[in-house]
Amino acid sequence: MKRTLPGAAAAVPALPLGPSAGQMPQIGFGTWGLQPQEVSTAIRAAVAAGYRSFDCAPVYQNERQVGETLSALIAEGVVTRSELFITSKVPPADACSRHRTERALRQSLHDLRTGYVDLYLIHWPFCVRSPEPGRPRPWPLPLEDQLGYSAEQLREEWRTIEALVATRAVRHAGLANIGERRLAKFLASPDLAVRPAVVQVELHPYNQMRALRALCASHGIAVTAYSSLGSPARPAKYQVQADAHPLLLADPAITQVATAHGASAAAVALGWAMRRGVALIPKSAHRERIASNLAGTLALAPSLSPGDLAAIDALERGHHYLAAGWRGYAWKRGQSLQELLDDAPPPLPPVGLGAALLLLACCCALVVCKA
């Protein structure tokens with residue numbers, strides 16, 4: 001007998017995942033920040049509301065609880081594994097060697113109680129030295145443990161990911177927290193056996209990542225946004241200089257659109273991203289918000305007008321709510337946030353003497369005309 005999906009689950013659009021003919025639900029459920037004791041209630045509420053995509057990671061320290069809950073729901077006949085899209089990630093401490101990456105995946109599969117993950121991401125394009133057994137891990141990490149970003153190391157780690165895809169324990173692979181110049185350099189590798197299917201980054205109306213989105217679109221790569229609502233409940237270590245972070249959902253442009261449509265500010269922010277072709281993984285531990293983030297967004301997104309979308313587009317300011325997280329991976333003293341986010345743009349070519357004289361002549365002519 002064919003099972004019938006809840007209305008919201010059936011209505012969630014799917015994004016194509018490159019040339020593999022795979023798909024990913026455009027709206028999923030995030031698990032970052034969920035306390036272990038909150039997981040069961042939140043996941044059950046999410047499945048009941050219609051979510052079928054779940055974004056996980058070992059560093060969230062709750063994969064075991066997520067796996068236990070999803071496994072129980074499958075056993076109860078509430079959902080099937082084939083209906084789910086489960087994402088996990090390889091942490092920076094396990095991204096420095098094939099052995100550690102393979103071990104990290106085995107642990108995630110064990111904790112999530114599944115034989116495969118639908119998507120496996122390199123969580124950060126950085127490497128950090130693995131902690132000694134029993135040694136507490138301070139934050140930010142000491143410089144001696146930071147191995148930093150290396151294009152060569154990232155390509156080598158991807159070879160391990162490619163091997164895992166070949167085993168079918170990983171169905172699709174991708175990258176997280178990578179800037180467009182680093183991604184462009186990575187995609188230019190001549191020997192990529194597996195192309196990234198997804199890139200996951202902090203993305204919201206204050207940080208729209210337009211250049212990265214354009215690059216991904218040109219390569220058939222789906223973009224997933226985290227912190228789509230401004231991450232107001234981000235963990236304490238990311239709350240450094242909290243007063244410097246504007247409240248996204250209190251922005252007048254967003255609240256005006258929300259009022260005009262009789263919708264929540266959260267639905268406006270999520271609906272804008274959805275209309276821009278971005279996948280979403282909002283998180284909440286509250287049953288009502290879990291349901292409204294999905295149902296409210298699906299109801300509102302199609303009705304956002306070009307004027308609504310343009311008003312939200314105009315909010316771009318390059319603001320990173322998780323800047324403290326980036327700075328925790330600094331591998332040199334005094335590194336700027338921009339150095340951590342991406343490679344520097346190439347320098348402009350020097351202006352030749354002839355071009356300089358022509359520019360000077362034009363300027364002089366303009367002055368004469370005005371006189």
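**Helix packing**

H2 passes H10 in a right-handed crossing. This description rests on a predicted model, in which helix H2 (residues 36–49) and helix H10 (residues 287–300) pack at an angle of about 35°, their axes being 9 Å apart.

- On the H2 side the contact is made by Thr-41, Ala-42, Ala-45, Ala-46 and Ala-49, and on the H10 side by Arg-287, Ile-290, Ala-291 and Leu-294.
- Sorted by class, the contact of H2 with H10 has seven nonpolar residues, one polar residue and one charged residue.
- A second pair is formed by helix H9 (residues 265–275) and helix H11 (residues 306–313), which pack at an angle of about 100° with their axes 11 Å apart, and which means that H9 is roughly perpendicular to H11.
- Val-268, Trp-272 and Arg-275 of H9 make this contact with Leu-309, Ile-312 and Asp-313 of H11, so that by class the contact of H9 with H11 has four nonpolar, no polar and two charged residues.

**The parallel sheet**

- Eight strands form an open sheet with parallel pairing, in the order E3-E4-E5-E6-E9-E10-E11-E12.
- Strand E3 (29–30) and strand E12 (279–280) stand at the edges of this sheet, and because each has a single partner strand, one side of each is left without a neighbour in the sheet.
- Within the sheet, strand E9 (residues 173–176) and strand E10 (residues 198–202) run parallel and are joined by three bridges; Ala-176 has Gln-200 in E10 as its bridge partner.

- Strand E1 (residues 14–17) pairs with strand E2 (residues 22–25) in the antiparallel sense, over four bridges, and the bridge partner of Pro-16 in E2 is Gln-23.
- Four residues lie between the strands of the hairpin, in which Gly-18 takes a positive phi near 60°.

**Arg-182**

- Arg-182 has its place in helix H6 (residues 180–187), and because its relative accessibility is 2%, Arg-182 counts as buried, the cut-off for that class being under 20%.
- When neighbours within four places in sequence are left aside, Arg-182 is in contact with Phe-126, Tyr-149, Trp-331, Glu-339, Leu-340, Leu-341, Asp-342 and Asp-343.

Key. Residues numbered from 1 in each chain as written. Predicted model: local features only at pLDDT ≥ 70, side-chain atom pairs only at ≥ 80, totals over all residues. Heavy atoms only, no water. Axes fitted to C-alpha atoms, helices over the stretch in contact; angles between N-to-C directions. Helix = DSSP H or I, 4+ residues; strand = E, 2+ residues; numbered from the N terminus. Parallel < 35°, antiparallel > 145°, perpendicular 65-115°, else oblique. Contact = heavy atoms within 4.5 Å. Nonpolar A, V, L, I, M, F, W, Y, C, P; charged D, E, K, R; others polar. Left-handed = near helix turned anticlockwise from the far one by under 90°. Buried < 20%, exposed > 50% of the residue type's maximum accessible area, 1.4 Å probe, protein only. Pairing = 2+ DSSP bridges.
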